[in-house]
Each structure stands twice: as C-alpha cells, then as structure tokens.
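Here are some comments to read alongside the coordinates, arranged as numbered points.

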Amino acid sequence: MIKGLKAALGTVFVGLLAGTSLAHAQSTDGELIKKGEYLARLGDCVACHTSLHGKVFAGGLAIQTPIGTIYSTNITPDAADGIGTYTEEQFADAVRRGIRKDGSTLYPAMPYPSFSNIPDDDIKAMYAYFMHGVKPVAQPNKAEDITWPLSMRWPLAVWRMMFAPTPAPFTPAPGTKPDVARGEFIVTGPGHCGACHTPRGFAMQEKAMNASGGPVYLSGGGIIDNWIAPSLRSDPVQGIGRWSEDDIVEFLKSGRTDHAAVFGAMADVVGWSSQYFTDSDLHAIASYLKSLPAVPAPQGDYKYDPSTAQALDSGNTAITAGAKTYVEQCAICHRNDGGGVPRMFPPLAGNPAVVSDNPTSVAHIVVDGGILPPTNWAPSAVAMPAYKTTLSDQQIADVVNFIRTSWGNKAPANVTASDIQKLRVTHTPIDAPTRTWGKGGVDTATWGLFYPQPYGAGWTFAPQTHTGEDDAQ
C-alpha cells in the first residue's frame with residue numbers, strides 16, 4: 001500500500017512538473033511572438049506588405065521604380081503563397097541578406113541592407129511571430145511589371161554583392177550612451193529610416209548606411225508616391241535643426257506637433273507602426289537623431305519675415321501672384337501669418353516640406369489634398385481638400401510659389417502651370433535634375449534604351465501610400 005502511495009505521489013509530482021514546464025514553454029512562446037510582433041512594428045513591415053484595401057501582410061502593394069513596377073510579397077504563413085515553408089534560417093537569409101528561399105535575390109525595395117544588423121534573437125522572435133502570430137492568407141504574389149532585359153534577376157545578386165553590408169549584429173561605438181545606441185540600432189536597422197531619407201546613387205543604392213557616411217546620410221531622399229522624404233539632419237531650414245527631442249517623440253507618436261504635421265508615406269509609418277513604439281524607443285530614436293554631427297545648411301538659418309502677413313492683413317493681395325488665391329482658399333486654416341493651427345493645420349512659414357529643393361510635396365497636397373491620420377494619441381482626422389478641380393493649373397502654380405517665398409521662406413518660385421498639369425493629369429512629379437541616364441531630357445530619359453524613367457537624379461523605390469486611400473489596420 002505504501003509502495004502504491006509512493007508511486008501515485010511520484011506520478012502526481014511528475015505531472016505537476018510537466019504541467020509547469022508546458023505552461024512555461026507556452027508562456028515563453030507567447031512572449032517570443034509578442035516580441036516579434038513589436039519588431040515587425042519597428043520594421044514597418046505591415047504598411048509595405050499590405051496592398052491598398054488588402055489583407056494584412058498578404059502583399060500586392062505597388063512599388064514604382066525607374067525600371068518599372070514591382071509588388072510587395074505575401075509574408076503570411078500560407079504554405080502555397082506566403083512564407084509558410086520557410087525555415088528560420090531561410091527567413092533570416094531573406095530578412096538580412098535579401099535571398100529568398102529559391103536562392104534568387106530580392107529587389108532592394110525590401111530594405112535588407114538595413115536589416116543586416118538585426119541579431120539572431122530578434123530574427124527568432126520575428127520568425128515566431130510571422131509563423132504563429134499572423135493569419136495565413138492564400139493570395140498569390142504579383143509578377144513584376146518590368147520590361148525584358150531589365151526584368152532579369154541575376155543582376156540583383158551582383159547589386160547585393162556590391163552594395164549590401166555583410167550581416168552582423170549592431171555594435172555601438174565605445175562610449176555611446178545606451179539610449180543613443182538603442183536609437184542608432186533602430187534608425188539604421190529595423191527602422192530603415194535611410195531607405196527613404198537618404199539619397200540613392202547611380203544603382204539605386206543608399207549613398208550612406210549610417211552616420212559614418214558623412215552629411216549625405218539622412219539628408220533627404222527621393223520622390224515617394226509624389227511626396228519628398230525630407231532631411232532628418234540638423235539643417236535648420238530643410239531638416240530638423242529647430243526640433244527638440246520631445247518634438248520628434250510627439251511627431252512619431254501622434255503624427256503632429258505644434259509646428260509640423262505628418263503627410264504622405266510618413267503618415268503610413270506613423271499610422272501603422274511608430275505610434276505603437278514604446279516611449280523609451282521613441283526617446284532613443286530622438287536622442288540618436290539629435291546626436292548626429294551638424295551638417296552644412298545650404299539655405300542658412302530660418303528667420304521669420306512678417307511683411308507678408310502685414311500685407312495680407314491690410315488687404316493687399318497684389319504683392320505677388322498667388323497672394324489673392326492664398327487669402328481666398330488657404331488663409332482660413334493656415335492664417336495670414338502662415339502659422340497654421342497647432343496640431344491641426346501645419347504652419348507654412350519655415351516648414352521644411354515647403355522649402356524643399358523639390359516642390360513636389362507642397363504642390364501634390366494642393367493638387368490632391370491630404371489627410372492627417374488619426375492615431376491612438378491624436379484621434380482626430382484632419383483633411384485638406386484637393387484643389388485640382390477648383391483652381392486652374394496656373395492658380396495652383398502661383399499659390400505654391402507664393403507659399404515657398406513668403407514669411408521668410410527662401411525656396412525658388414519655379415513651379416509652372418505645365419508642372420501642375422502633369423502632376424494633376426499623369427501624376428508626374430515635379431523634378432528638375434540635370435543628370436539623367438540614356439538619351440533625352442527628364443521626361444524621356446531612359447536606362448540605356450530600354451525603359452523610360454521619370455525620376456532622374458531622385459531615383460528611389462516608391463510604394464503606394466495608404467493614407468487617404470486606405471484605413472490603417
């Protein structure tokens with residue numbers, strides 16, 4: 001009897017241990033999946049891998065390139081159409097090296113050069129999330145719309161060998177403060193900020209992957225779905241030189257500050273990803289950006305000029321072309337002094353997006369309108385109407401030039417009615433590069449003789465923007 005009691009107690013004890021181990025394993029798996037979900041937010045995976053009005057992570061978002069259109073892929077765990085048959089090693093190769101399961105190279109619209117510094121533990125967590133925390137979706141991938149011979153994939157392997165860093169875990173420089181180091185890891189790694197905010201070179205490569213590349217790093221990128229990615233460096237006119245760390249945190253968290261509002265592709269980043277970042281990570285990002293070395297400021301410093309506001313207040317709209325249109329259509333929200341309404345209508349005076357070398361962003365928002373997306377921290381959605389059917393091309397050109405040269409703004413007044421017509425009718429960005437490949441001017445330049453490319457010196461990868469077209473999910 002005692003022997004049987006001992007056996008029974010032993011069985012119960014072993015069962016309790018097994019139950020504890022199982023519960024611990026399940027808890028660990030749940031924590032790993034949760035960590036992977038957060039890392040996917042840091043990488044903004046959802047916005048690029050979800051088509052307009054599509055299913056989350058099922059791919060199909062159109063991404064314009066100078067050689068044609070490519071489409072983001074299905075990264076749900078569906079075995080037939082997604083990545084359900086990927087091993088963890090194959091997943092790591094795709095994320096950090098740009099090599100998919102069949103051995104071919106991914107287009108660098110997938111920012112694997114930035115992801116190369118993600119450590120193994122984070123890869124493990126992301127793999128757990130995509131395999132066990134994402135719902136499988138049976139949606140076939142779309143073929144690229146690129147004309148042969150540029151559609152051949154083997155040159156991508158050469159590109160990867162020339163320009164992609166060798167995968168290695170991020171290591172901060174000795175003496176770097178922990179919060180700055182964390183911010184640097186996010187910005188240069190999973191956050192892949194340089195993919196949009198660093199200009200690209202002759203082969204579409206980012207000209208610098210981190211601050212060691214000099215002032216060009218994060219100095220402003222190309223045209224993304226008719227929006228310009230501005231400088232994230234200390235330039236006080238075209239960058240964030242006049243922003244505080246708290247401004248950056250508030251912007252990434254809510255999409256708006258007293259002197260700025262998110263727009264275009266960055267609205268997708270805030271709406272789909274950065275609003276979910278932890279406060280510590282947001283502050284780390286801000287600390288890193290503000291720690292970057294000072295850069296030359298081509299336009300000097302910004303100083304507000306009250307003369308425009310004084311003229312408009314007195315009823316004088318003959319000061320320059322566009323002033324009358326501004327008073328009639330814009331001043332009710334952006335005010336005669338160009339100051340806007342804090343956290344609602346962004347100021348136009350001293351706004352980096354307004355005085356960018358390329359006027360496409362400000363022209364685009366006047367032509368097609370825009371939406372300041374709601375977030376968990378600022379739930380109101382604020383819209384600007386489209387003026388493409390209300391104003392003539394000349395009126396839009398005049399008001400854009402007026403905005404770019406008033407209140408101390410010193411951008412060129414070089415937008416023409418022809419520029420606006422192309423932007424309105426064919427969605428062609430306003431671009432004035434002096435160097436193009438192939439024959440012809442900006443509108444007819446080609447890579448060799450094979451395919452027209454509209455971006456000129458501003459070549460980049462330009463995914464469609466969800467904000468204003470699709471709700472954040």
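1. Two strands are taken as paired if DSSP finds at least two bridges between them, and the model to which this is applied here is a predicted one. On that basis strand β2 (residues 68–71) runs antiparallel to strand β3 (residues 145–146), to which two bridges join it, and Gly-68 stands opposite Ile-146 in β3.

2. Gln-64 has Thr-69 in β2 as its bridge partner, and the two strands form a hairpin in which two residues lie between β1 and β2.

3. In helix α6 (residues 154–163), the buried residues are Leu-156, Trp-159 and Arg-160. These residues lie on the same side of α6, because the arc they cover around the axis is only 100 degrees. They pack against α3 (88–97) and α4 (112–115), whereas the face of α6 turned away from the buried side carries Trp-154, Met-161 and Met-162, which are exposed.

4. Is Ser-254, which has a relative accessibility of 1%, to be called buried or exposed? Since buried means under 20% relative accessible area, Ser-254 counts as buried at its 1%. This residue belongs to helix α9 (residues 245–254).

5. The side chain of Ser-254 has a polar atom 2.8 Å from the backbone oxygen of Glu-250, and the side chain of Ser-254 also reaches the backbone oxygen of Arg-256, at 3.0 Å. If residues up to four places away in sequence are not counted, Ser-254 touches Val-270, Thr-375, Trp-377 and Ala-378.

Terms used
Residues numbered from 1 in each chain as written. Predicted model: local features only at pLDDT ≥ 70, side-chain atom pairs only at ≥ 80, totals over all residues. Heavy atoms only, no water. Helix = DSSP H or I, 4+ residues; strand = E, 2+ residues; numbered from the N terminus. Buried < 20%, exposed > 50% of the residue type's maximum accessible area, 1.4 Å probe, protein only. Arc of directions from axis to C-beta. Contact = heavy atoms within 4.5 Å. Polar contact = N/O pair within 3.5 Å; in protein donor to acceptor, adjacent residues only side chain to side chain.
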